[in-house]
Amino acid sequence: VDLSVELCGVRLPNPLVLASGVLGATGAIAARCLQAGAGAVTFKSVGLEPRTGHPGPVLVPYEAGWLNAVGLSNPGIEAFGDEFRAARTAVPDGVLVVSVFAHETDRFEELAARADALGPELIELNLSCPNVADEFGRPFALDPAATKRAVAAARAGTKRPLLAKLTATAPDIVAVGAAALDAGADGLVATNTLGPGMAVDVRRRRPVLSNKVGGVSGAAIRPIAVRAVWQLAGLGAPVVGVGGLSTGEHVAEMLMAGAAAVQVGSCLAEEGPAGFGRIAAELASFMHEEGYGAVAELVGLARAETEGRPA
Amino acid sequence: MTPRQVTLRVTAVEAASKNARLLRLDGAMAHARPGQFAMIWLPGRGEKPFSLAGADPLEFVVEPVGDFSRALCALAPGERLTVRAPLGHGFSTPTGQPVLVGGGCGAAPLRYLAAECERLGISCHSILGAATADRLILTDRWPGASTEVTTDDGSAGTRGTCVDRLRQVLAGEPRGPVYACGPERMLQAVAAAADEAGVECELSLERYMKCGVGVCGHCAMDPTGLLVCADGPVVSGATCRCLDEFGGYKRDGAGRRVPL
C-alpha cells in the first residue's frame, strides 16, 4: 500500500507528523523521529527570544494521558537555526515543519520571515498554547478576529505553506478556522491540547503543575479532536488531525473524518520515536485488510457516507 | 507505565560528607535499578532529578549547591517529600569483578550498585574520588568488597584523581566492567581508561531535564538524539562514543548550547 500523502503541496512519505512540543526540542531528536518513521516532524514552538519556560513539575499523568505546562521553552529563533540545520543535515530529504509562537500579533511577520529563511517545507503557527495565559493572555485561536490578525501578519512574512494550529477549546472552531484561511493560511491543525486542566496532589494539597494549569492531551481528547477535524474539513482546506491517537486505526479514523494527515504526540511518551514505525505498520495493515491502495482513498470517507452533513 | 508521584516521609537526614546529606524516606522501590533516578518535587521550588542512592528504603544523597538542594538538605525527619520514581535506565546487573568509580557527590548511585554487588555475592572494588576529603561521601560505610579513596590535594587516601587509580587498578589483575558516575570530564577520562584496558564501561550522564519521562525532548544529546532521561541516564561506553556533545557542551533551560 502507498502511505504517502500530499499536504499543502508537500509530499510526505506517510501521514504521521510529530506534533509540536513533543520530543522535537533539538535537531538530533527530530532527525531520530524521521529515521524512526515519521512522515514529517514539527519542532517545538520557537519565538523571537529564548525562554526557559515554567519551573517543574511541567508534566503530570492522569488516567488517559497528560497535563503539561512546559511553558514554551525554546532557544529563540536565532539559536534554533542550529537545531534546524542539524536535522536537515542528518536527514536531507526529511519534511521539516517549524512551529512559531508570539504573544503580540505584529511579531508573527518577523518570526515567519526568519522561519522561512531556514527553509522548512511548512510553517505552523501555534495560536493555541493553553499554558501561558498568565503572561500572554488568551490564546489567539479562541477568537476569529485575533486569529485573523495573527495569521495575516505571518502571511506577510512568508510564501511557504502556512498551517494554523487551533484549539477545540474555542467556542466556535469553524469560525476560527475560516478566519485563519481568510487571512491566508494554507491548512489547519486541530487540536492543540485542550483546557487548560488542573491536577491537585491531595497529599500536598496543591496543584501539581508549577503553572497550576496545563494543556490536556492523550486518549481522552481524541473524540473531541475527531469532531473538530470533521467540522474544519467542511471548510475545504487541508486539515491535520491531532489529539490522543495511538494506533493505525485511530489514524484511519482521523483521515475518514476529513484529515489530510495527522500529528502524533502523547503516545510517544510510552514508546519513544519507535511509535512512528509501529503506527505506520498498523495503518498499512489496516489498509491492506480493507483493500485500500493509497491513504488518499481514506480521506473524508466518513463524510461521504453521510453526505458531509455538518456535525 | 510512567510512575506517578508518591508522597513519603523523611525518616532520617544524616551527614554524607561535610555538607552533603543522606535523606532516607519511609518507602521502598523494590523494582528499581541502581542508576535510575527520581524527580523530586518541592512544592513552590520546582522539581529536579536525583539518582537513587538506595531503594529499600529509598535514599538520596544531596549536596547543597543551589536553592533547591539547600531546601532538600534542610528537611527534617517527619517532613514530607514527593517523588516520581524510578525513572530511566540504570546500570546492568553487575557481572565479573566490577570496578566502581565515583566522583564527589556523583558517587551516590554507585552506593546502591555496590550494595547490589554485595547482595549478589559479586566482588566489586570502589574508587571514590573528590577534590578534598570533605567532599567524599559515605566513605565510612561504603558497601562492597573493597573501597579506596583519592583526593586531588591528598587530604584523604591517594593524592591524585580516581581515574589515575582506575588506570593502575586496570593495569593490575584483570577486572571489569567499569561503572562510573561523576562530573562529565571525569567520565570522559574513565571511558578512555576502560577503552585502553579493553574493558566494558557504563556511565551515568546528566543533562537538564524537564519532564523526566522522554516526552519533552529537552535532554536529547547530539547527534543521535539519545534521551538522557529515558534512554539513560546510564549508557554504555560504546553508546557514549557516538555522542559528540559528551564532554563538550550541554543545553540550558531554554535549550541553548552552553559549554560544560
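A nonpolar core is here a set of buried Ala, Val, Leu, Ile, Met, Phe, Trp, Tyr and Cys residues joined through side-chain atoms within 4.5 Å, where buried means under 20% relative accessible area with a 1.4 Å probe and protein chains only. In the largest such core, which has 153 residues, Phe108(A), Val178(B), Leu203(B) and Leu205(B) touch the most other members. The model is predicted, with local features needing pLDDT of at least 70 and side-chain atom pairs counting only at pLDDT 80 or more, while totals for chains, interfaces and linings use all residues. Residues are numbered from 1 along each chain as its sequence is written, chains are lettered from A in the order in which they are written, and side-chain values use heavy atoms, with hydrogens and water left out.

- Leaving aside residues up to four places away in sequence, Phe108(A) touches residues including Phe101(A), Leu125(A), Leu127(A), Phe140(A) and Ala154(A), a contact being heavy atoms within 4.5 Å.

**Chain A**
- Chain A contains 11 helices and 16 strands, taken as DSSP runs (H or I of at least four residues for helices, E of at least two for strands) and numbered from the N terminus.
- A compact globule of 311 residues would have a radius of gyration near 19 Å, and the 18 Å of chain A agrees with this; the radius is taken over C-alpha atoms, and the globule rule is 2.2 Å times the number of residues to the power 0.38.
- Of the 311 residues in chain A, 63% count as buried, and of its contacts with a separation of 6 or more, 71% are accounted for by residues 24 or more positions apart.
- Chain A carries 25 positive and 32 negative side chains, with the centres of the two sets 7 Å apart; Lys and Arg count as positive and Asp and Glu as negative, without His or the chain ends, and each charge is placed at NZ of Lys, CZ of Arg, CG of Asp or CD of Glu.

**Chain B**
- Chain B contains five helices and 18 strands, and its radius of gyration of 17 Å is close to the 18 Å that the globule rule gives for 260 residues, so it is as compact as a globular protein of that length.
- Buried residues make up 58% of the 260 residues in chain B.
- The 27 positive and 28 negative charges of chain B have mean positions 6 Å apart.

How values were computed:
Buried means under 20% relative accessible area, exposed over 50%, partly exposed in between (1.4 Å probe, protein chains only).
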